[in-house]
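Colleague: I would like to learn how to read a few features of a model. Could you take them one at a time?

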Amino acid sequence: MKVAFATQDLKHVDAHFGWAKNIAIYEVSPEGHRFIEAIQFGGDLTEDGNEDKLAPKIEAIRDCAILYVAAIGGSGAARVVASKIHPMKVLQPEPIDELCVKLEAVLKGSPPPWLRKLLAKDPERTVDFET
């Protein structure tokens, strides 16, 4: 499944979704993970109430199952969820590689119900779980 990470440095989840300069996209499976692409965003990304800047980011992550962020506003979260993407907030900056490894372990075992439900809704995001 594809997973998106809001990042300023392409190494850590350290960005607010609306203000992120980059979104790193990875493919994560029980067997491992690999970097797919980094999408860069320019212009004024500061907090200004301008919801239009979210549209290109939502479009960029449309194929992702999960979005990791340092923070996300209420309307941004609502738009992400409406796109069938599960936002995950980290409490402090965390390395993207470590988050991928943790997610691999979850996928190898028994994923929580919210993840099973999320993956079951979209046949392109399916992962075979051991029960």
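Colleague: Which residue lies over the face of F41, and at what distance from the ring centre?

Modeller: Note that this is a predicted model. A charge counts as sitting over a ring when the Lys NZ or Arg CZ is within 6 Å of the ring centre and within 35 degrees of the ring normal. Here the residue is K57, placed over the face of F41 at 5.1 Å from the ring centre.

Colleague: How many aromatic pairs does the whole structure hold?

Modeller: A pair of aromatic rings is described by the distance of the centres and the angle of the planes. A search of the whole structure gives three such pairs. In one of them, F5 and Y26 have ring centres 5.5 Å apart and planes at 90°, so this pair is edge-to-face. Since F5 belongs to strand 1 and Y26 to strand 3, the pair ties together parts 21 residues apart in sequence.

Colleague: What is the geometry of the aromatic pair that F5 forms with Y68?

Modeller: The F5 and Y68 rings are stacked, 5.2 Å centre to centre with 10° between the planes. F5 is in strand 1 and Y68 in strand 5, so this pair ties together parts that are 63 residues apart in sequence. Ring pairs link F5, Y26, F35 and Y68 into a cluster.

Colleague: Is F5 buried or exposed?

Modeller: The cut-off for buried is under 20% relative accessible area. F5 has 1%, so it is buried. Y68, at 9% relative accessibility, also counts as buried, and Y26 is buried too.

Colleague: Why is strand 1 described as largely enclosed by the rest of the structure?

Modeller: Because five of the six residues of strand 1 (residues 2-7) are buried.

Colleague: In which sense does strand 1 pair with strand 3, and in which with strand 5?

Modeller: With strand 3 (residues 22-29) the pairing is antiparallel, over six bridges; A6 has I23 as its bridge partner there. Strand 1 and strand 5 (residues 64-69) run parallel and are joined by four bridges, and the partner of V3 in strand 5 is I66.

Colleague: Where is K84 found, and what is its phi near?

Modeller: K84 is in the loop between helix 2 (74-82) and strand 6 (86-89). Its phi is near 65°, a positive value in a residue other than glycine.

Conventions. Residues are numbered from 1 along each chain as its sequence is written. This is a predicted model: local features need pLDDT of at least 70, side-chain atom pairs count only at pLDDT 80 or more; totals for chains, interfaces and linings use all residues. Side-chain values use heavy atoms; hydrogens and water are left out. Buried means under 20% relative accessible area, exposed over 50%, partly exposed in between (1.4 Å probe, protein chains only). Helices (H or I, at least four residues) and strands (E, at least two) are DSSP runs, numbered from the N terminus. Two strands pair if DSSP finds at least two bridges between them. Rings of Phe, Tyr and Trp (its six-membered ring) pair if their centres lie within 6.5 Å; planes under 30 degrees apart count as stacked, over 60 as edge-to-face and the rest as tilted.
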